[in-house]
Amino acid sequence: MDIDAWVWWLIGAVGLGIPLVLTAMPEFGMFAVGAVAASAVAALDGGVVAQVLVFVLVSVALIAVVRPIAARHRAGQSGQASGIDALKGRQAVVLERVSADGGRIKLAGEVWSARTLDSDQVFEPGSQVDVVDIDGATAVVM
């Protein structure tokens with residue numbers, strides 16, 4: 001049984017797709033696309049040198065173009081706070097007197113237990129406070 005070169009390139013593309021899925025390394029996907037491009041060259045009766053050249057050029061071009069875009073995208077998302085980190089620095093309204101012993105505030109539409117950062121501070125109901133930290137389920141305010 002004689003298998004055409006383009007089939008071998010497709011088998012190689014699938015083989016490169018497997019580690020892409022298992023390791024989540026996008027470079028394997030770029031190599032797989034290069035193998036598909038080489039398969040197209042082989043199907044058009046291109047020589048072995050042309051097939052390998054297309055594989056290398058497409059793979060390198062994808063890595064050179066896609067990786068910097070992905071890196072910028074990843075770097076842009078790291079600046080967005082989420083979860084309790086997004087609550088730090090926000091303002092809240094005191095619902096029940098807040099002291100070092102505790103109290104209640106309304107933060108981001110929810111009622112939170114709170115305590116003051118400094119033990120000598122006290123905030124009365126209705127006053128605005130700044131959240132400086134989240135300690136478990138308690139907001140630390142000042």
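1. UniProt, in an unreviewed entry, lists residues 85–141 as "domain: NfeD-like C-terminal". Its positions follow the numbering used here, its feature names are shortened, and annotations may be inferred rather than shown by experiment. In the model, the span is 0% helix and 60% strand. The C-alpha atoms at the ends of residues 85–141 are 14 Å apart. Helices (H or I, at least four residues) and strands (E, at least two) are DSSP runs, numbered from the N terminus.

2. **Basis.** This is a predicted model: local features need pLDDT of at least 70, side-chain atom pairs count only at pLDDT 80 or more, and totals for chains, interfaces and linings use all residues. Residues are numbered from 1 along each chain as its sequence is written, and side-chain values use heavy atoms, with hydrogens and water left out.

3. **Aromatic pairs.** The whole structure was searched, and two aromatic pairs were found. Rings of Phe, Tyr and Trp (its six-membered ring) pair if their centres lie within 6.5 Å; planes under 30 degrees apart count as stacked, over 60 as edge-to-face and the rest as tilted.

4. **W9 and F55.** This pair is tilted, at 5.4 Å centre to centre and 40° between the planes. W9 sits in helix α1 (residues 5–23) and F55 in helix α3 (residues 48–78), so the pair ties together parts 46 residues apart in sequence. W9 is buried, at 18% relative accessible area (buried is under 20%, exposed over 50%, partly exposed in between; 1.4 Å probe, protein chains only).

5. **F31 and F55.** Ring centres are 6.4 Å apart and planes at 35°, so this pair is tilted. F31 belongs to helix α2 (residues 26–43) and F55 to helix α3, so the pair ties together parts 24 residues apart in sequence. F31 is partly exposed, at 30% relative accessibility.

6. **Cluster.** W9, F31 and F55 are linked into a cluster by ring pairs.
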